[in-house]
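Please view the sequence and the model first, and then read the points below.

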Amino acid sequence: MSETTFEQWESSAAALSIESRAFIDGVYRAAASGRTFDCKSPIDGRLLARVAECGEADVGAAVDAARRAFEQGVWRGLNPRERKAVLLRWAASIRTHARELALLETLDAGKPIGDTTTVDIPGAAYCLEWFAEAIDKVSGEVVPADLHLVGLVTREPIGVVAAVVPWNFPLLMAAWKFAPALAAGNSVVLKPSEKSPLTAIRIAQLAHEAGVPAGVFNVVPGAGETGKLLALHGDVDCIAFTGSTQVGKLIMQYAGQSNLKRVWLELGGKSPNIVLDDCPDLERAAKAAAGAIFYNMGEMCTAGSRLLVHRSIKDAFLDKLLDAARTYAPGHPLDPRTSMGAIIDGVQFERVLGYIEAGRAQARLLAGGSPANVVAGGLYIEPTIFDVTRRDTRIAREEIFGPVLSVISFDDVDEAVAIANDTEYGLAAAVWTASLTRAHEVARRLRAGTVWVNCYDEGGDMNFPFGGYRQSGNGRDKSLHALEKYTELKSTLIRLH
Ligand code: NAD
């Protein structure tokens with residue numbers, strides 16, 4: 001795939017045929033109301049498709065189909081080995097269609113094609129493969145009990161799982177939910193973001209062809225209102241949400257207002273990346289710091305958006321950081337050489353620029369700070385760096401979800417840890433040090449679901465649980481722990497005599 005040129009990608013884009021209907025009970029259908037919403041590319045503002053906007057009737061039909069499939073046991077009733085075979089076929093089909101899916105993802109979300117071909121699409125296939133491979137190897141427990149009893153502890157699929165996901169890694173974030181949920185035997189109703197619905201819609205057909213029975217995997221495109229219908233639905237057993245902390249709080253309320261469905265939340269972050277004075281390699285740390293905030297246009301839940309640097313090395317470090325930031329000049333997302341693409345839509349574009357304006361008044365601008373003129377009608381922002389002296393400023397505290405970095409100085413380790421933990425979030429953190437002791441000590445004190453030492457954003461494999469402390473959410477995606485979210489634990493006690 002890497003040899004495909006910019007021109008070839010552009011001509012493939014022009015020839016692409018795009019499915020834009022909901023996928024319910026094994027077939028594509030328009031919304032019952034006939035309503036659609038416009039799906040535009042942030043690359044240049046072109047209209048990609050008019051996508052079905054699912055309302056109450058569609059969400060109801062999808063949940064009913066999911067329930068029916070669950071009760072009939074067409075999926076959960078299979079030997080796990082058989083579910084594994086189907087999911088592996090689906091993953092293989094995603095890999096076969098990887099070029100088309102990567103192109104869809106790039107057009108829809110403005111992500112560089114070099115990333116969608118190497119990270120998003122293969123990552124989603126790998127996630128499916130990982131949970132498919134795992135599911136026929138996890139066993140229950142036989143627990144110690146009185147001699148007249150045999151005590152079993154088993155995990156059972158929970159039922160109908162609704163997955164509501166964001167736009168920054170549209171297919172990958174969806175896969176982190178539906179792969180473990182389906183492997184465990186549940187039925188799934190997936191609501192992709194209205195800003196990036198196309199790959200989710202497309203892979204539903206591939207699931208069907210791979211042998212996922214009708215009703216087991218449904219896709220209901222729509223905006224927040226569609227997600228709300230799922231979160232309030234009385235026959236949804238579990239809602240797995242990735243998105244903003246603000247909407248995550250609403251999801252919990254909807255569950256409380258309806259049937260107390262299980263709620264799992266992967267939310268925002270304002271992650272600290274701490275460079276101590278004994279950082280072993282300033283060059284590597286600077287490159288990683290730039291990647292931590294500018295990769296994927298900063299539209300990363302784990303973005304290292306607060307760079308904490310020891311005052312004694314700050315000047316030397318900033319020189320290297322500014323060099324590294326220059327490698328993220330925005331470019332055309334279909335050009336394989338591009339490392340930074342377009343901002344997802346006009347709302348997010350204005351939001352990020354609003355933060356930059358606020359930053360100009362409160363901090364010293366070191367780099368960027370303006371929209372970039374890449375393609376007419378497109379939405380691009382330069383990699384932007386602020387030197388922040390006041391930590392109570394908006395840019396230093398709030399999640400921006402764009403290419404804006406706040407650099408904060410500190411004088412000792414205790415101060416660094418205090419600043420790092422002074423946030424409502426707790427998704428990720430990093431520390432750079434040559435001392436093994438300091439690395440462990442600081443890692444223990446950081447309140448975050450993932451801590452990197454002398455690296456950032458490492459660990460693309462599925463073995464690490466991923467999720468947050470505090471208002472970054474609850475539960476964990478990835479790893480065998482993800483299966484805990486989509487299963488109920490049952491104790492069975494058998495009296496022998
Ligand atoms: P968002 O919260 O605006 O939307 C997320 C999803 O929720 C979308 O599908 C949206 O349509 C839906 N939604 C919106 N309002 C709703 C409502 N009232 N009821 C039900 N559903 C509703 O978030 P976003 O802008 O799509 O994504 C950015 C956010 O996602 C950031 O905060 C980012 O940190 C977070 N995120 C977290 C992770 C993680 O794993 N922790 C990963 C990626 C993104």
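Predicted model: local features only at pLDDT ≥ 70, side-chain atom pairs only at ≥ 80, totals over all residues.

*Sides of the strand*

- R306, L308 and H310 point one way from β13, while L307 and V309 point the other way.
- The residues on both sides of β13 are buried.

*Pairing with neighbouring strands*

- Strand β12, residues 272-275, runs parallel to β13 and is joined to it by 4 bridges.
- Within this pairing, I274 has L308 of β13 as its bridge partner; L308 is also among the residues that point the same way as R306 and H310.
- A right-handed β-α-β unit is formed by β12, helix α10 (residues 282-294) and β13.
- Strand β16, residues 404-410, also pairs with β13 in the parallel sense, here over 5 bridges.
- In β16, S406 is the bridge partner of R306, a buried residue of β13.

**Salt bridges**

The whole structure contains 37 salt bridges. Several of them are described here.

*E19 and R21*

- E19 and R21 form a salt bridge in which the closest N and O atoms are 2.8 Å apart.
- R21 counts as partly exposed because its relative accessibility is 35%, a value between the limits of 20% and 50%.

*R202 and E100*

- R202 is joined to E100 by a salt bridge, with 2.6 Å between the closest N and O atoms.
- This pair links distant parts of the chain, as R202 lies in helix α7 (residues 198-210) and E100 in helix α4 (residues 98-109), 102 residues apart.
- R202 has a relative accessibility of 18% and therefore counts as buried, the limit for that class being under 20%.
- E100 has a relative accessible area of 22%, so this residue is partly exposed.

*K485 and D477*

- A salt bridge brings together the side chains of K485 and D477, at 2.7 Å from N to O.
- Both K485 and D477 are buried.

Notes: Residues numbered from 1 in each chain as written. Heavy atoms only, no water. Buried < 20%, exposed > 50% of the residue type's maximum accessible area, 1.4 Å probe, protein only. Helix = DSSP H or I, 4+ residues; strand = E, 2+ residues; numbered from the N terminus. Pairing = 2+ DSSP bridges. Right-handed = clockwise from strand over helix to strand, strands pointing away. Salt bridge = Lys/Arg side-chain N within 4 Å of Asp/Glu carboxyl O.
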